[in-house]
Amino acid sequence: MKRSKALVCALLAACLCACTAAAPAGARHRVAIVAKSTRTEFWLSVFAGAEAAATEYNIELSITGPETEEDYETQNRMVADAVADGAEALVFSAIDYENNAAAIDAAAESGVRIVAIDSNVDSSAVQTYIGTDNYAAGQMAAQAALDGVEEQLTVGIVNYDVSSANGQERERGAVDAFEQSGRARVAAVINTLAEAARAQADTAAMLAEHPEINVLLAFNEPTSVGAADAVEGMGLAEEVFLVGFDSNVATIDGLQDGTVDALIVQNPYAMGYLGVESAYRLLSGQGGSPEATVDTSTRIVNRDNMFTMDSQKALFAFE
């Protein structure tokens with residue numbers, strides 16, 4: 001009897017030791033997303049993808065972002081706060097390619113793993129970038145206009161913050177494609193705030209100054225909404241061929257009523273999901289070294305194809 005009791009006690013002690021040793025392995029990893037904004041439908045789709053991955057991989061996820069897509073200083077403070085709060089990995093989209101770099105370097109020096117999504121940052125600490133091939137997306141926007149307008153193209157470009165890497169890459173891709181076509185001239189380029197109201201005012205001013213413009217390209221969701229509002233407000237839907245970016249209720253409506261002629265639709269849900277998944281793999285040591293660049297899908301949606309299943313999935317990625 002004494003031997004049996006001793007054996008039971010020994011087994012219980014062994015189980016307790018095993019459970020104690022296993023506990024750290026079951027701890028949840030902590031990942032922080034610091035986005036460019038938390039307000040647009042693009043970023044809501046990113047967050048939906050990120051939350052799905054966090055649920056799948058049992059990750060403790062926090063999401064923050066500044067009020068506007070120009071406030072890189074607040075972004076830098078949010079990075080520092082995430083590190084102070086114990087984030088083990090950071091999923092980051094840079095407002096300013098250069099001015100966000102020091103904050104990311106400091107986070108990495110603290111041992112935080114860095115995944116960039118949507119808009120990269122000038123830091124060697126980034127272990128993988130997940131997002132659109134922005135140069136190719138700019139070429140797609142130009143090609144949509146070249147395919148849709150038969151006569152000579154006189155182009156106005158509505159871009160956002162000049163320090164944002166992806167906006168500048170899209171502009172370069174579009175300008176190169178127009179130059180190679182031999183039948184397009186870029187008449188004006190503006191950099192405006194990533195806010196629909198400001199983009200509307202600045203686009204309207206550009207169209208008033210350059211009435212010869214018959215093609216507009218706008219390179220993100222707020223500038224596309226603003227450009228569409230300007231075209232509609234000035235009664236130029238028949239005269240101006242508008243190519244916008246991303247999926248928004250206003251621009252989808254514009255696609256149906258003729259104000260918007262094409263949308264370059266990214267895959268923000270995939271950016272969020274793959275960003276958090278990559279952070280988990282870096283922290284858990286699964287999957288080996290991540291790819292340096294992961295190109296998420298991008299497609300042209302216009303009135304001819306907007307009701308196809310693939311286009312509907314792209315336009316309403318998380319609904």
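Thr 132 counts as buried because its relative accessibility is 3% (buried means under 20% relative accessible area, exposed over 50% and partly exposed in between, with a 1.4 Å probe and protein chains only). The model is predicted: local features need pLDDT of at least 70, side-chain atom pairs count only at pLDDT 80 or more, and totals for chains, interfaces and linings use all residues. Residues are numbered from 1 along each chain as its sequence is written, and side-chain values use heavy atoms, with hydrogens and water left out.

- Thr 132 lies in the loop between β5 (126-131) and α5; helices (H or I, at least four residues) and strands (E, at least two) are DSSP runs, numbered from the N terminus.
- Apart from neighbours within four places in sequence, Thr 132 is in contact (heavy atoms within 4.5 Å) with Ala 137, Gln 266, Met 271, Asp 295, Thr 296 and Thr 298.

**Helices α5 and α6**
- The axes of α5 (residues 134-148) and α6 (residues 165-181) are 6 Å apart, at an angle of about 45 degrees.
- The two helices, α5 and α6, are therefore oblique to each other (under 35 degrees counts as roughly parallel, over 145 as roughly antiparallel, 65 to 115 as roughly perpendicular and the rest as oblique).
- Residues of α5 that meet α6 include Tyr 135, Gln 139 and Leu 146, and those on the α6 side include Arg 170, Asp 176 and Phe 178.

**Confidence**
- The chain has a mean pLDDT (the predictor's confidence in each residue, from 0 to 100) of 90, and 91% of its residues reach 70 or more.
- Over residues 1-25 pLDDT stays under 50, and the model has 0 contacts beyond four places in sequence for them.

Key. Axes fitted to C-alpha atoms, helices over the stretch in contact; angles between N-to-C directions.
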